[in-house]
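Dear colleague,

I am handing over the structure below, and I would be glad if you looked it over alongside my notes on its sheet, its helix packing and its aromatic pairs.

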Amino acid sequence: MEGVIDHHVRALLSRIGGVDICVTEFVRVTHTRLPRRVFTRLCPELDQGATTPNGTPVKLQLLGGNPKAMAYNAAKAVEVGAKSIDLNFGCPAKSVNNSDGGACLLQSPSRVEDIVAAVRNAVPAEIPVSAKIRLGYQDRSSYLDNARAAEAGGASELAVHARSKVDGYRPPAYWEYIGEIREQLGIRVIANGDLWTLDDFKRCREVTGCDAFMFGRSLLARPDIGLQIQALSDGRDYQPLQWHQVAALLYDYYSTTQDLYPAKYLGNRIKQWLAYLKLSYPEATIFFERIKRHRDRELLEQAFAEQMQPADSHHADFPHTDINAA
């Protein structure tokens, strides 16, 4: 989720509710000792107790293939204020894999174990170290080897995206592999991949047997999927967010971030988010077509006003639920 889930998005999505913990974009680690500003740029929450404004914990994620550098920078991150470290072995991006990071490391389970162990040994015992993997690199045959390597290295929990690197994001997600990993490991396993709807969640829970789930693109496409899951778990009725409420959320985001970018980029982050919302809300496509070529502040404000009807203002009546469980 590089370049997508920044601290503004984390604050907004955690405020909606249904999320237990957030994970940052990855901090890229090579062979250098990173300065404090690198960590706080990607995770400003480090200066506020490593939580979002509403108190949701934020994990700092590191990505890299050098155990010593990962260990040093993990220790530095904790010194800066990180309360939890996550290790990225799942990113499928070519630029990342060509730089000895992300999913390419799954080609050697021993490297996964070495990196996890180095980080685990470098940070205090009370600091959780988790990892995220895919099912493999070229294929899915190494899924158990890499899962066991992460556990052997000392990971406290493991998130598994149910595809290999070569699978990319093409359907389907192979949840049955996650179920087998969960049965074989003694640590908590978190299911990830293609959890777009409440029905997807139900099927994934049944197939994997997991009690924890990670949402990436799907949370951008359906911002209240966590609240829907909470209501299902509690046996409560829940009315999913309507489009005008989602538009109000977007307006909050637009209002918060509009002064952070040059005028020529005004609205770009909203257009990026609409690409995900199109998957759940047909109205997002109409809104995108309305604003895709425009940078004019007045026009964007007018377009938002139209989309937020029948809400009275940009503070639409979406639920402000504190986050305790998901």
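For the packing angles that follow, axes are lines fitted to C-alpha atoms, for helices over the stretch in contact, and the angles run from 0 to 180 degrees between N-to-C directions. Please keep in mind throughout that this is a predicted model.

With that convention, helix 6 (residues 143-153) and helix 7 (residues 175-184) pack at an angle of about 40 degrees, and their axes are 10 Å apart. Angles under 35 degrees count as roughly parallel and those from 65 to 115 as roughly perpendicular, and helix 6 is therefore oblique to helix 7. The crossing in which helix 6 passes helix 7 is right-handed. On the helix 6 side the residues that meet helix 7 are Tyr143, Leu144, Ala147 and Arg148, while helix 7 brings Tyr177, Glu180, Ile181 and Gln184. Sorted by class, this contact has five nonpolar, one polar and two charged residues.

The crossing of helix 13 and helix 14 is right-handed. Helix 13 makes the contact through Glu283, Phe287, Arg290 and Ile291, and helix 14 through Leu299, Leu300, Gln302, Ala303, Phe304, Glu306 and Gln307. The class count for this contact of helix 13 with helix 14 is six nonpolar, two polar and three charged residues.

Turning to the sheet, seven strands form an open sheet in the order 1-2-3-4-5-6-7, with parallel pairing. Strand 1 (22-28) and strand 7 (213-214) stand at the edges and have a single partner strand each, so one side of each is left without a neighbour in the sheet. Within the sheet, strand 2 (residues 58-63) and strand 3 (residues 85-89) run parallel and are joined by three bridges, and Leu60 stands opposite Ile85 in strand 3. Helix 5 (residues 109-122) lies across strand 3 and strand 4 (129-133), and runs at about 165 degrees to strand 3.

Finally, the count of aromatic pairs comes to ten. One of them is the tilted pair of Trp243 and Tyr281, with 5.7 Å centre to centre and 45 degrees between the planes. This pair links distant parts of the chain, 38 residues apart, since Trp243 lies in helix 11 (residues 243-257) and Tyr281 in the loop between helix 12 (268-277) and helix 13.

Definitions and conventions. Residues numbered from 1 in each chain as written. Predicted model: local features only at pLDDT ≥ 70, side-chain atom pairs only at ≥ 80, totals over all residues. Heavy atoms only, no water. Left-handed = near helix turned anticlockwise from the far one by under 90°. Helix = DSSP H or I, 4+ residues; strand = E, 2+ residues; numbered from the N terminus. Contact = heavy atoms within 4.5 Å. Nonpolar A, V, L, I, M, F, W, Y, C, P; charged D, E, K, R; others polar. Pairing = 2+ DSSP bridges. Parallel < 35°, antiparallel > 145°, perpendicular 65-115°, else oblique. Phe/Tyr/Trp six-rings, centres within 6.5 Å; stacked < 30°, edge-to-face > 60°.
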